[in-house]
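Hi,

Here is the structure I promised to pass on. Have a look at it first, and my notes follow below.

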Amino acid sequence: MNQTAALLALAPLLAMSACSTTAARSEGASAIRVAHLGADEGDQEGFAALRTSFAAANPGYDVQWTEDLAALPAEDRTRIAFVQSGDPASEALGVGDVVLLRPGHSQAAPNGCCAVVFTVPEPLPDDVPAVIRPDWDENITDTPGGCAEETGAYRRILLTWLPTVGPYVYRALNCHRVRITDSFAHYHPLVGGFDEFYLVQMVQPGAVLYTSTKVARMEDPGSVTADEAAVMIDRHELAVGDLVYLPRGTMHRGFGGVLAQIITTPGFKPGAEIGLDHHLKAINDRLALEGKAALPYREKSAGRAVVK
């Protein structure tokens, strides 16, 4: 049995454990899932748990991992594949490229072309191309904003909610390829928000993703205790090939230099990125937390409430 088949077989077996973990959470957000797809032996168990959680929370969606994109048969549903191998500077498919598979279509690809493939419930518009290459498409340019606001940031919007920020509009799934050095801490609300993935494609040493399901406590900074603050935020060291699933309601903040495909289901709805840095700063100030005890936040976003 190849790795892809094994992943498909494992997913149903882990459904019960995935659901019980989610149910145990008291903050509203479901469990964060990480699949280390770049590991030498892969991460069948991690991916199966991620897939089960994602599909349960998003009816009509699915996600799979393939080590041979060209071998995927045509199906009667719409799929979007995020290429995770190959040289992006070559004329063939490479890391960072996105392949859009309409019903009845498959994709010619180099042998061993690895990809994360999402099944989506809505048809693709006719004006969206079959392949989007962020470093080759003349219609796509860097658009600083979101998690990379600095001038000259590498942030290329591939599928967008709004036609004012990118050429290819599709609201069932949005994605942009971005280099994150110091994102603001934020979450997407349970109602009216969206789930998010980091598909890691390059990292600097020490790059991390901060996460938390304790958003409700963060938003009441005057009542947080020092003991609560000590376990409020988790720190995930990132590696190439990591697929991180961030359900609605999860605080997250990328830091230290990570190049990733940021994928959301559905799209990036305006007004659904709720900043938390001002609350984190307030907790630190009130409890006099310093050094390693301090909650990490971005100073630039900590002076006021931020909603994007």
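Setting aside neighbours within four places in sequence, Ile132 is in contact with Asp97, Val98, Leu100, Asp137, Ile140, Leu158, Leu159 and Tyr168. Keep in mind that this is a predicted model.

Ile132 is also one of the residues with the most contacts inside the largest nonpolar core, along with Ile80, Phe82, Phe118, Leu159 and Leu173. That core has 32 residues. Who supplies it? At least two residues each come from α3 (44-57), β2 (62-66), β3 (78-83), β4 (98-101), β5 (115-120), β7 (155-159), β10 (195-203) and β13 (242-246). There is another core lying apart from it, with 17 residues, including Tyr187, Met218, Met251 and Ile283.

Now the sheet. Five strands make up an open sheet, ordered β2-β5-β3-β4-β6, with antiparallel pairing. Which strands stand at the edges? Those are β2 and β6 (131-132): each has a single partner strand, so one side of each has no neighbour in the sheet. Between β2 and β5, which run antiparallel, there are five bridges, and Val63 sits opposite Phe118 in β5. Helix α3 packs on the sheet, where α3 touches both β2 and β5, and its direction makes about 155° with that of β2.

The structure holds eight aromatic pairs. Phe54 and Phe118 form an edge-to-face one, at 5.8 Å centre to centre with 90° between the planes. This pair links distant parts of the chain, with Phe54 in helix α3 and Phe118 in strand β5, 64 residues apart. Both Phe54 and Phe118 are buried.

How is the pair of Phe197 and Tyr245 arranged? The ring centres are 5.0 Å apart and the planes are at 25°, so this pair is stacked. Phe197 belongs to strand β10 and Tyr245 to strand β13, so the pair ties together parts 48 residues apart in sequence. As for burial, Phe197 has a relative accessible area of 0% and Tyr245 has 1%, so both count as buried.

The two pairs turn up again in one aromatic cluster, formed by Phe54, Tyr61, Phe82, Phe118, Phe197 and Tyr245.

One last item, on a charge and a ring: the charged end of Lys308 sits over the ring of Phe184, 4.3 Å from the ring's centre.

Cheers

Technical notes: Residues numbered from 1 in each chain as written. Predicted model: local features only at pLDDT ≥ 70, side-chain atom pairs only at ≥ 80, totals over all residues. Heavy atoms only, no water. Core = buried A, V, L, I, M, F, W, Y, C linked by side-chain atoms within 4.5 Å. Buried < 20%, exposed > 50% of the residue type's maximum accessible area, 1.4 Å probe, protein only. Helix = DSSP H or I, 4+ residues; strand = E, 2+ residues; numbered from the N terminus. Contact = heavy atoms within 4.5 Å. Pairing = 2+ DSSP bridges. Axes fitted to C-alpha atoms, helices over the stretch in contact; angles between N-to-C directions. Phe/Tyr/Trp six-rings, centres within 6.5 Å; stacked < 30°, edge-to-face > 60°. Lys NZ or Arg CZ within 6 Å of the ring centre and 35° of its normal.
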